[in-house]
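Here is a friendly briefing to read alongside the sequence and the coordinates.

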Amino acid sequence: MKQSKWNILSNVCIAEKVWKMVLRGDTTAMQPGQFVEIAVPGYYLRRPISVCDIQDDCLTIIYKTVGHGTDLMARMQPGETLDILSCLGHGYDLRKAGDEVLVVGGGVGVPPLIYLAKQLRAQGKHVHAVLGFNTEKEVFAEEMFASLGCKVEVCTMDGSYGRRGVVTDLIAKPAPFYYACGPLPMLRAIAETVGTNGQMSMEERMGCGVGICVGCSIETKKGVRRVCKEGPVFDAEELIW
Amino acid sequence: MVVQLGHITLKNPVIPASGTCGFGQEMHEWLDLNILGAIATKGTTRLPRYGNPVPRIAECGATGMLNAVGLQNPGVEEVIRHEIPALRQIYQGPIIANVSGFNIEDYAYVCERVDKETDAAILEVNISCPNVHNGGMAFGTSPKAAAEVTRAVKAVTTKPVFMKLSPNVTDITAIARACVEAGADGLCLINTVLGMRIDIRRRKPVLANRYGGYSGPGIFPIALRMVNQVSKACPGTPIIGCGGVQRAEDVIEMMMAGASAVEIGAANLQNPNACKQIIEQLPEVMQELQIDHLRDIIGIV
């Protein structure tokens, strides 16, 4: 955990209710799948947001406006600063990947997979990204994966962009080791139809984000685990559905 | 900044509250625990508990948060065997062991185990958890039940016993007096205020437990009033003031209301360095207010 001030370099809307913010600060030791906790002025608890990309001393986050706190974040301007806790939680274990890797993201679960894919590509892995959204207006990140040299497939629930359907429709079986992040029903469907040979990033309402309040604990096959501390990334086989 | 809590000397009055510092291991990653006046460890029960279903956290704008964790803890044996010894590796100051129960025998059992097997300086007996059914707050809302728990605990320990009181009562002084008359060495107040948030889009409570404990700066005036009332009702009984303390000025205010030491709760969740910053600010604030010794201001209002 590191607590520091970050300068906002840019903050733009990239899809419906989805914003991309680039901040400058101390990016050392941040791992794919970890998250940051952002103090939003006027709101008591911090907002946990996944690390989307790291480039030198710049951190990219992609967040959805889901309430007053994130609405306020969306109105913030370049030059403003944010108090952020960084290097939180345990991210994806890259050592588990074979030469062929699948990354599966749904909605605003997609962002952490971008930094992950970047690191996997740097190791020379073949990365197949399967991204699911509700509808065309919510689609983002396709070109980010493409520019990293990943094979990208997109589906939407209503068929307005890419293939109609859900991510599990696009995953050939048997699937290689996967990394997933997205809404709970998507993760459950992956576990049921693709299997548990992968890692999943979980989401839960958090108090502290640093492991002290145990507000975000979930029961797993290995016992009680804090999403903010032992997670957010868990081996899929540990999770109870 | 030295204060006395009964016979226990604290290097300063700042204590992370139970449930907001675990057993110290996480906090140790970013701050030296030995700067703290004491540490109040996570509420411990006889058996391990997962607690309530998630979601168990809800925000309340700028004023605080609700929690309905429900006493998640590894159980007293694990606390004795692993948590307290591990805390001792990194922290040499006073430990305030917070214990909870679902019946009077539980309270006595856990206190006896902690008394016998740990070097905790104080037992903080939680009769005010709003998030568990069949216990917790039920003992803190009746003077008779509060006295019974106090007596049962005092019978099994020689350590100072501080009863942690609930604000969810009509007259907190009646509960406080009952505890003191039953032998309590001190009091800690307040625990969280029972509250609720509703997700108006889903038309459902935000918390899976429906209700939860409200903490944060929004409860500071309530805590201050209750500490003041109890300090007047129970003169000579040391009080740990708790509830919504965010900064050094709040510590001073809480002490002027009657507290001998102050627990910091929700502020740790918002700012993991809250205790450290408060301890660092305290000398400046004391100087500005021309306070030479903190003991001089306890209960002066």
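At 31% relative accessibility, Asp185(B) counts as partly exposed, where buried means under 20% relative accessible area, exposed over 50% and partly exposed in between, with a 1.4 Å probe and protein chains only. This is a predicted model in which local features need pLDDT of at least 70 and side-chain atom pairs count only at pLDDT 80 or more, while totals for chains, interfaces and linings use all residues. Residues are numbered from 1 along each chain as its sequence is written, chains are lettered from A and ligands numbered from 1 in the order in which they are written, and side-chain values use heavy atoms, with hydrogens and water left out.

**Salt bridges within a chain**

- Asp185(B) pairs with Lys154(B) in a salt bridge, with the closest N and O atoms 2.9 Å apart; the term stands for a side-chain nitrogen of Lys or Arg within 4 Å of a carboxyl oxygen of Asp or Glu.
- This pair links distant parts of the chain, 31 residues apart: Asp185(B) is in the loop between helix 5 (172-181) and strand 10 (186-189) of chain B, and Lys154(B) is in helix 4 (residues 143-154) of chain B. Helices (H or I, at least four residues) and strands (E, at least two) are DSSP runs, numbered from the N terminus.
- Lys154(B) is partly exposed, with a relative accessible area of 25%.
- Side chains of opposite charge can pair when their charged atoms come close.
- In chain A, a salt bridge joins Asp26(A) and Lys2(A), whose closest N and O atoms are 3.1 Å apart. The two lie in distant parts of the chain, 24 residues apart, with Asp26(A) in the loop between strand 2 (18-24) and strand 3 (35-39) of chain A and Lys2(A) in strand 1 (residues 2-15) of chain A.
- Asp26(A) is partly exposed at 33% relative accessibility, and Lys2(A) is partly exposed at 23%.
- Lys5(A), Arg46(A) and Asp83(A) are linked in a network of salt bridges.
- Over all chains, the structure holds 24 salt bridges.

**Where chain B meets chain A**

- On the side of chain B, 35 residues are in contact with 27 residues of chain A, contact meaning heavy atoms within 4.5 Å.
- The buried area between the two chains is about 2,500 Å², and carbon and sulfur atoms give 59% of it. Buried area here is the accessible area (1.4 Å probe) that two parts lose on being put together, summed over both.
- Three salt bridges are counted between chain B and chain A. One of them joins the side chains of Glu59(B) and Arg47(A), at 2.7 Å from N to O.
- Helix 1 (25-28), strand 5 (57-60), strand 6 (64-67) and helix 8 (266-270) of chain B are the elements that give two or more residues to the side that touches chain A. The largest share of that side, five residues, comes from helix 8 of chain B.
- Lys229(A) forms a salt bridge with Glu29(B), the closest N and O atoms being 2.8 Å apart. Lys229(A) is in the loop between strand 15 (223-226) and strand 16 (233-235) of chain A, and Glu29(B) is in the loop between helix 1 and strand 4 (39-40) of chain B, so the pair joins two chains.
- Lys229(A) counts as buried at 17% relative accessibility, whereas Glu29(B) counts as partly exposed at 47%.

**Backbone points to check**

- Most residues other than glycine have a negative phi, and most peptide bonds are trans.
- A cis peptide bond joins Lys173(A) and Pro174(A), with omega about 0°; Pro174(A) sits in the loop between strand 11 and strand 12 of chain A.
- The peptide bond from Gly231(A) to Pro232(A) is also cis, with omega near 10°, and Pro232(A) is in the loop between strand 15 and strand 16 of chain A.
- Leu71(B) has a positive phi, near 60°, and lies in the loop between strand 6 and helix 2 (76-90) of chain B. Leu71(B) is buried, at 7% relative accessibility.
- Arg203(B), not a glycine, has a positive phi of about 55°. Arg203(B) is in the loop between strand 12 and strand 13 of chain B and is exposed, with a relative accessible area of 76%.
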